[in-house]
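Open the structure in your viewer and keep the selection tool at hand. The stops below say what to select next and what is there.

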Amino acid sequence: MTLTKADISQKIADDCGFLKGEAQEIVEKLLGIMKASLCAGEDVMISGFGKWCVREKRARRGRNPQTGEDLVLDARRVVTWKYSPVLKNAVNKSDSNY
């Protein structure tokens, strides 16, 4: 099962006593802040969870696999994510409270 924004909002509303609309606004605001930081090239780190980093990739030669034609892939920025050791340990424990 996939956890969605709606699921997260509902869980926040249930656990914290917010109205569902308020919880949705909190989730949207959090994700908006994270997105704006990444778009600005800043890293986002949540202790005990993980770190998102923006990396620059340079232009490089590539090949269209269908036609075999050579082409140039443009330079671009990508977002990478690395989990924290705390999250890794929690995921690997079968009796985790998360």
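Start by selecting Cys 16. With 51% relative accessibility, Cys 16 counts as exposed, where exposed means over 50% relative accessible area, buried under 20% and partly exposed in between, using a 1.4 Å probe and protein chains only. Cys 16 belongs to helix H1; helices (H or I, at least four residues) and strands (E, at least two) are DSSP runs, numbered from the N terminus.

This is a predicted model, in which local features need pLDDT of at least 70 and side-chain atom pairs count only at pLDDT 80 or more, while totals for chains, interfaces and linings use all residues. Residues are numbered from 1 along each chain as its sequence is written, and side-chain values use heavy atoms, with hydrogens and water left out.

Cys 16 and Arg 63 are 52 Å apart in space, C-alpha to C-alpha, and 47 residues apart in sequence.

**Along helix H1**

Stay in helix H1 and select Ser 9. Is Ser 9 buried or exposed? Ser 9 counts as buried because its relative accessibility is 3%. Leaving out residues up to four places away in sequence, Ser 9 touches Ala 23, Gln 24 and Val 27; contact means heavy atoms within 4.5 Å.

Next, select Lys 11 and Asp 15. Their side chains meet in a salt bridge (3.3 Å, N to O), a term for a side-chain nitrogen of Lys or Arg within 4 Å of a carboxyl oxygen of Asp or Glu. Lys 11 and Asp 15 are separated by about one helical turn, because they are four residues apart in helix H1. Both Lys 11 and Asp 15 are exposed.

**The other salt bridges**

How many salt bridges does the structure hold? There are three. Side chains of opposite charge can pair when their charged atoms come close.

Select Lys 5 and Glu 28, whose side chains form a salt bridge at 2.9 Å, N to O. This pair links distant parts of the chain, with Lys 5 in helix H1 and Glu 28 in helix H2, 23 residues apart. Lys 5 counts as partly exposed at 42% relative accessibility, and Glu 28 also counts as partly exposed, at 43%.

Then move to Asp 43 and Lys 51, where the side chains meet in a salt bridge of 3.7 Å, N to O. Asp 43 is partly exposed at 39% relative accessibility, and Lys 51 is partly exposed with a relative accessible area of 32%.

**The largest pocket**

Select Leu 3, Lys 5, Ile 8, Val 27, Leu 30, Leu 31, Met 34, Ile 46, Phe 49 and Trp 52, the residues that line the largest pocket. On a 1 Å grid over the protein atoms alone, a pocket is an open set of points where a 1.4 Å probe fits, with protein on both sides within 12 Å along at least five of seven lines, and lining residues have an atom within 4 Å of a point. The elements giving two or more residues to this lining are helix H1 (5–16) and helix H2 (20–39). H2 supplies the largest share, four residues.

The space in this pocket is about 230 Å³, a volume being the space filled by probe spheres set on the grid points, which are joined across faces, edges and corners. Colour the lining by residue type: nine residues are nonpolar, none is polar and one is charged. Here Ala, Val, Leu, Ile, Met, Phe, Trp, Tyr, Cys and Pro count as nonpolar, Asp, Glu, Lys and Arg as charged, and the others, Gly among them, as polar.

**The largest nonpolar core**

Which residues make up the largest nonpolar core? Select Met 34, Leu 38, Val 44, Trp 52 and Val 54, five residues in all. A nonpolar core is a set of buried Ala, Val, Leu, Ile, Met, Phe, Trp, Tyr and Cys residues joined through side-chain atoms within 4.5 Å. H2 and strand E2 (50–57) are the elements that give two or more residues to this core.

**Gly 50 and Ser 84**

Finish with Gly 50 in strand E2. Gly 50 is buried, with a relative accessible area of 4%. Beyond its neighbours within four places in sequence, Gly 50 is in contact with Val 44, Met 45, Trp 81, Lys 82, Tyr 83 and Ser 84.

Select Ser 84, found in the loop between strand E5 (76–83) and helix H3 (85–92). Ser 84 counts as buried at 11% relative accessibility.
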